[in-house]
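Me: I would like to learn how to read a protein model step by step. Could you take me through it, giving the general idea before each case?

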Amino acid sequence: MNTESKRKRKAQARPWVLVMALLVVGLAYSVVVPPSSSAETEMTQQIEEGKAIFDVSCSSCHGLNGEGLSAGPSLIGVGAASVDFQMGTGRMPAARGEAQIPAGEVVYSQEQIDAVSAYVASFGPGPAIPESSQYDPEGLNADEIARGGALFRANCSACHGIVGGGGAMPEGKHAPALGDTEDVHIYEAVRTGPQQMPTFSKDVLEDDDVRQIIGFLNTADEAPRYGGLGMGNHGPVSEGFWIFLLGIGGLSAIAAWIAKKGAGAR
Amino acid sequence: MMAKPTTVVEDRTDLESRPAEHGAKHPAAGTATWLDERVGLGKIGKFGLRKVFPDHWSFLLGEIALYTFIICLLTGVFLTIWFKPSMAETFYDGSYQLMRGIPISEAYSSTLAISFDIRGGLLIRQIHHWSALLFVASVTVHMLRVFFTGAFRKPREINWLIGMGLFTFALLAGFSGYSLPDDLLSGTGLRFADGLIRSIPIIGTWAEFFVFAGEFPGDLIISRLYMAHILLIPGLLLALISAHLALVVYHKHTQYPGAGRTDNNVVGYPLFPVYAAKAGGFFFIVFGTMVLFGGLFQINPVWLYGPYDPAKVTAGSQPDWYMGWLEGAVRIFPNWESHIGGTTWTWAVFLPGVGLMGILMTGLALWPFIESWLTGDKREHHILDRPRNAPTRTALGVAGMVWYGFFWIGGANDIIATRFELSLNAITVFLRVAVILGPIIAFIITRRLCLSLQRSDRERALHGSATGEIVRSADGGYDEDHVPISDGEQHALTQHAQPKVLEADDGSGPTGVPGPTKVSKFRATLSRWYLGSQILKPSADDIDEANHHEAQHGVEDAEARRELD
Ligand code: HEM
């Protein structure tokens with residue numbers, strides 16, 4: 001009987017549960033979805049805006065759908081990070097095809113760059129624009145920054161030179177100096193590997209490693225120049241240049257003066 | 001214009017001046033007498049102090065070499081107090097933040113300590129390195145001075161050979177020092193040297209094991225280099241420098257041609273006091289310059305380079321300047337390699353590296369003997385050549401410098417590429433052509449230039465110097481006035497001997513009597529190439545005649561260029 005009445009009650013309660021569940025779901029839906037639906041419209045708005053810019057300034061080289069043309073590579077799957085790097089350092093939109101498109105003046109606002117990034121990201125999955133916690137070296141201690149130096153020497157200085165001073169590459173290309181590069185762009189370069197530069201995945205360099213490298217580059221850039229003027233900063237090449245110019249040249253001039261001076265001479 | 005010294009003339013045929021008159025007793029006289037009675041100070045002093053030195057700025061290049069060597073010794077002693085020549089690993093805990101906690105060798109760690117934690121250490125380190133660079137540079141330029149002025153000729157051939165020894169050890173001194181701090185650049189330099197050693201056919205690998213006590217880099221090379229750098233090489237340099245200077249004193253210094261200067265005298269100042277004051281003063285100027293360099297200009301910032309790791313190279317890593325040309329040669333040389341039997345012959349390293357150094361050293365060492373073979377000149381020379389009067393030698397020297405220079409540029413190819421935005425490959429292709437064509441073109445141009453300078457000397461000797469005043473003569477012609485030059489200049493322009501081209505001679509004289517000299521056809525041909533085109537200097541008769549004509553006005557002088565025979 002007990003069980004009977006229980007079953008009865010349950011049966012009576014069922015429609016209510018259903019209604020309640022519907023209500024909860026509906027409420028939850030109304031809580032969760034409306035904002036995201038407005039975000040979606042914003043997103044589509046942003047992508048739309050990006051598409052507009054892309055069609056005007058990028059499609060001539062990269063194709064209307066980023067599929068790539070002879071003048072520029074395919075952008076499918078390069079990810080937002082790549083676009084943010086290329087546009088944020090002023091490389092893109094390129095003026096003309098060159099052996100290596102140089103960094104230059106940034107012609108778009110960050111908002112527009114974000115728009116184009118979002119649009120290109122919609123072509124296919126790729127590295128996203130990083131959160132500041134991924135690249136910001138704030139809070140690293142001295143040992144970690146020193147470790148960043150070791151990582152930099154191990155992975156980067158073969159191309160970028162001592163402390164990121166830059167270096168030559170075959171075929172008229174070069175690895176640029178890193179002194180003025182923004183933290184976020186360093187991170188993005190590491191993850192997207194522009195040009196000849198290899199792409200370093202998270203298996204090779206973890207986010208923390210990249211942060212340490214960035215920390216090292218910043219600290220080294222701010223470090224005082226121990227020992228005096230760098231005089232060109234080309235290591236032994238500038239040292240040799242100056243020892244001949246000032247050392248041999250200067251002392252020869254003094255020697256000429258001494259040889260002229262003499263007791264009772266002239 | 002060189003200052004006219006107070007014409008202290010010293011006869012080469014042993015004419016030492018008489019002892020100074022003894023005046024009032026000097027406080028130092030007691031000691032002097034004491035020493036004189038025991039070690040013959042008076043004699044030494046008389047011999048040394050009255051020695052006459054001619055004055056010319058280029059004679060001070062050797063002195064720069066001497067002084068920078070001394071500066072290196074002094075600063076080097078300071079460095080040895082702190083430097084630890086060990087490749088054992090430690091974790092850096094000094095005050096340079098960017099190396100905190102990184103595992104590095106004792107050698108590198110102690111170099112960082114000298115740079116950051118020892119008072120004055122960085123300054124001394126930088127003075128030491130700058131002086132080492134200037135040492136090798138001044139040795140090289142001094143050698144060039146000796147070459148271009150013909151100061152290596154009889155009787156100074158032996159001193160030239162001692163000089164070659166000095167040159168070699170100067171390079172080794174610099175290189176061994178550069179390799180000590182065990183930073184990335186010094187390791188890269190050692191790696192390069194290791195490559196050179198290994199590229200020697202047949203014995204290469206064995207030699208590598210011998211030098212590095214095993215495979216590169218091993219863990220002994222730094223302490224071995226240290227021994228060579230602070231003991232062996234400076235010791236040898238010191239011994240050779242002593243012999244070198246003793247010979248300079250013994251032969252007496254050469255002098256440039258000028259009034260009253262002959263192969264039998266020296267015109268200049270006595271060593272004491274004038275020359276000593278000048279030389280002493282110059283020492284302090286050189287020292288001061290090096291301190292300024294060390295204090296103002298950064299050199300070899302090892303803390304930036306990081307510790308050596310055989311797996312790494314850095315863009316823009318270079319050796320010090322004197323190794324740059326070999327590095328450049330290796331960089332631009334085509335990548336040749338052959339496998340014979342089980343052996344690998346790395347021509348791409350052996351030919352440019354070991355081969356070029358061999359060519360340079362052998363060529364330079366033999367040159368005095370080659371030249372006297374070409375000219376048949378067996379006389380003593382104490383008057384220097386003006387470079388234009390030895391046109392082929394001068395042209396060869398300039399060609400050699402251009403050749404060296406292009407290799408040198410090759411050593412900095414990456415820096416030139418980034419600095420001037422050029423393509424690395426284009427630079428390499430250009431240099432491959434330039435190291436061959438450059439010297440040839442330089443040779444031709446230089447020889448021409450020397451000959452035209454000779455021609456203008458001849459003009460000047462014959463017709464005096466142009467005043468720049470144009471005079472119109474009565475019959476309407478224009479003429480530039482010339483004034484005669486001084487006798488001294490006349491002498492300087494015409495004193496040089498012009499050796500005759502050697503004729504082929506089988507040893508039988510015209511009368512059928514066998515003569516003493518034999519000259520092969522080959523030697524005669526080379527001699528003609530070497531001496532063939534000279535502008536005949538005017539004889540005394542020519543000058544008289546020219547003066548005569550000058551008085552009469554307007555007669556063209558005969559064609560100057562004549563083949564000597
Ligand atoms: C450690 C390196 C060297 C030192 C300290 C040194 C020092 C000197 C000094 C002080 C003089 C006299 C002044 C002068 O003519 O400049 C001299 C003369 C001379 N040196 Fe050197 N020298 C060095 C290397 C060389 C080299 C590499 C060569 C050639 C291969 C050379 C060949 C000569 C010759 C032939 C003279 C006699 C020059 C003359 O009388 O006109 N020396 N050296």
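**Reading the model**

Reply: Let us begin with one residue: R379(B) is partly exposed, with a relative accessible area of 46%, where buried means under 20% relative accessible area, exposed means over 50%, and partly exposed lies in between (1.4 Å probe, protein chains only). This is a predicted model, in which local features need pLDDT of at least 70 and side-chain atom pairs count only at pLDDT 80 or more, while totals for chains, interfaces and linings use all residues. Residues are numbered from 1 along each chain as its sequence is written, chains are lettered from A and ligands numbered from 1 in the order in which they are written, and side-chain values use heavy atoms, with hydrogens and water left out.

Me: With which residue does R379(B) form a salt bridge?

Reply: A salt bridge is a side-chain nitrogen of Lys or Arg within 4 Å of a carboxyl oxygen of Asp or Glu. Here the partner of R379(B) is D377(B), with the closest N and O atoms 3.5 Å apart, and D377(B) counts as buried at 15% relative accessibility.

Me: Which residue of chain A does R100(B) bridge to?

Reply: R100(B) forms a salt bridge with D143(A), and their closest N and O atoms are 3.2 Å apart. The pair crosses between chains, from the loop between β3 (89–91) and β4 (103–105) of chain B to helix α6 (residues 142–155) of chain A. R100(B) is partly exposed at 31% relative accessibility, and D143(A) is partly exposed at 38%.

Me: What does chain A consist of in helices and strands?

Reply: Chain A has 10 helices and two strands, and from the N terminus on its elements run α-α-α-α-α-α-α-β-β-α-α-α. Of its 266 residues, 38% count as buried.

Me: How do I read a pair of strands, such as β8 and β9 of chain B?

Reply: Two strands pair if DSSP finds at least two bridges between them. Strand β8 (residues 465–472) and strand β9 (residues 478–483) of chain B pair in the antiparallel sense over five bridges, and S465(B) has V483(B) in β9(B) as its bridge partner. Five residues lie between the strands of this hairpin, in which G476(B) takes a positive phi near 95°.

Me: Which protein atoms are donors of the iron atom of the ligand?

Reply: Donors are N, O and S atoms within 2.8 Å of the metal (3.2 Å for Na, K and Ca), and water is not among the atoms, so sites may look incomplete. The protein donors here are NE2 of H142(B) and NE2 of H244(B), lying 1.9 to 2.1 Å from the iron atom. H142(B) lies in helix α5 (residues 121–148) and H244(B) in helix α9 (residues 221–251) of chain B, so the pair ties together parts that are 102 residues apart in sequence. H244(B) counts as buried, at 15% relative accessibility.

Conventions. Helices (H or I, at least four residues) and strands (E, at least two) are DSSP runs, numbered from the N terminus.
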